[in-house]
Amino acid sequence: MQSASAIAHPNIAFIKYWGNRDDNLRLPENGSISMNLDGLSTRTQVTFSAGLPSDRFTLNGVSVTGPGLERVSRFLDLFRRLSGVQLPAEVQSTNDFPTGAGIASSAAAFSALSQAAAAALDLSLTDQQLSRLARRGSGSACRSVPGGFVEWLPGGSDEDSFAVSIAPPDHWDLTDCIAIVSNRHKPVGSTAGHALAKTSPLQAARVADTPRRLEICRSAILQRDFDALSSVVELDSNLMHAVMMSSTPPLFYWEPASLNVMKSVPFWRKHGVPACYTLDAGPNVHVICPSAAAGTVCQRLEQIPGVMRVLKAGVGGPARRLDPSLV
Ligand code: DP6
């Protein structure tokens, strides 16, 4: 029996990944930048054992079968191939945040699973190799392997498409105030969404302009320039949602309450409260602000009609191995 555990954080993208050049290898159309979310986490234990009839996967105590289990099995095959160990595995994973509602649970999941599977099989891999492997499970998971503020270098092949840290967690004290407007599972997941991106006539223009936005975002982070960060983060989210809404079939991830938040935040900013919004493939709105403003921002968000509750997350560290007793 070979077993190990790991923890990883989800991340929120400032510059979004939307659309693949290669769906199978998850090679993205464009680079992306994100911040890991401290306080929200996925803990995963993997046990490879000859005593199991086949792979098993439990998420938050509930057994997962069908496509969810197949995705995990196919992912574990990569590790079995690398190690030469051909044993079935049991994967037990728990999230301390709502699954499937715009907080990228697959990012934390596949990042934690990469760490745990590599450790269980005694594979000594570099962070770069782990990030490449995590990417194969879920693209954005490659950004949850390194810590802090992270950039996914899109690359052109499996070998050179991975994420690197551009600044450590303590570089800039930011908070993500996540306005939860729905707990429902999204009807169209990211994987199906990426495949539709190319049907939007706006996608080519979004992708062509990405190096410019990446540069603005990267220097805003390095210089801790919140005004510059705000404009590029909101623009990038709007561009991705414009692509989603103009795909065939169109994807509408917002709820009316999402728009309430999107209209309030720039108004607050104009009146001296530093904050900006961004939405992934779901209706919940991530409102990023310097931590000193987080109390005010959360209080205001809670008063917006349709906001059910607000989660707070600082800047998170990398995926890491856990002592089995802590799982
Ligand atoms: C909108 O990484 O969840 O959150 O590779 O199919 O699992 P798969 O997609 P995923 O896509 C993330 C899309 C996004 C933007 C982002 O996080 O960059």
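This report walks through a predicted model, starting with its ligand site and moving on to a helix and some individual residues.

## Before you start

Because the model is predicted, local features are given only where pLDDT is at least 70 and side-chain atom pairs only at pLDDT 80 or more, while totals for chains, interfaces and linings use all residues. Residues are numbered from 1 along each chain as its sequence is written, and side-chain values use heavy atoms, with hydrogens and water left out.

## Around the ligand

Let's begin with the ligand. It has 17 residues around it, and R26, S138, G139, S140 and T191 come nearest; a residue is near a molecule if one of its heavy atoms lies within 4 Å of it. By type, the shell holds five nonpolar, seven polar and five charged residues. Here Ala, Val, Leu, Ile, Met, Phe, Trp, Tyr, Cys and Pro count as nonpolar, Asp, Glu, Lys and Arg as charged, and the others, Gly among them, as polar.

Domain 1 (2-171) and domain 2 (174-313) each give at least three residues to the shell, with the bounds coming from an automatic or database domain assignment. Helix α4 (residues 190-196) gives the most, with three residues. Helices (H or I, at least four residues) and strands (E, at least two) are DSSP runs, numbered from the N terminus.

## Polar atoms facing the ligand

Several N or O pairs fall within the 3.5 Å limit for a polar contact; within protein, one atom must be able to donate a hydrogen and the other to accept it, and residues adjacent in sequence count only if both atoms are side-chain atoms. A backbone N or O atom of Y17 lies 2.8 Å from a ligand oxygen. From the side chains, a polar atom of S190 lies 3.2 Å from an oxygen atom of the ligand, and an N or O atom of D280 is 3.4 Å from one. The protein covers 97% of the 460 Å² of accessible area that the ligand has on its own, as computed by the Shrake-Rupley method with a 1.4 Å probe; for residues, only the protein chains shown count as cover.

## Helix α7

Next comes helix α7 (residues 226-245), which has 20 residues. Its first and last C-alpha atoms are 28 Å apart, close to the 28 Å expected at 1.5 Å a residue, where the expected span is 1.5 Å times one less than the number of residues. D225 caps the N-terminal end, with a side-chain oxygen 3.3 Å from the backbone nitrogen of D227.

The buried residues of α7 include F226, L229, V233, D236, M240 and M244. Buried means under 20% relative accessible area, exposed over 50%, and partly exposed in between (1.4 Å probe, protein chains only).

## Loops worth a look

Most residues other than glycine have a negative phi, and most peptide bonds are trans. R26, in the loop between β3 (20-22) and β4 (27-28), has a positive phi near 55°. At 37% relative accessibility, N60 counts as partly exposed.

The peptide bond from T248 to P249 is cis, with omega near -5°. P249 is found in the loop between α7 and α8 (256-270).
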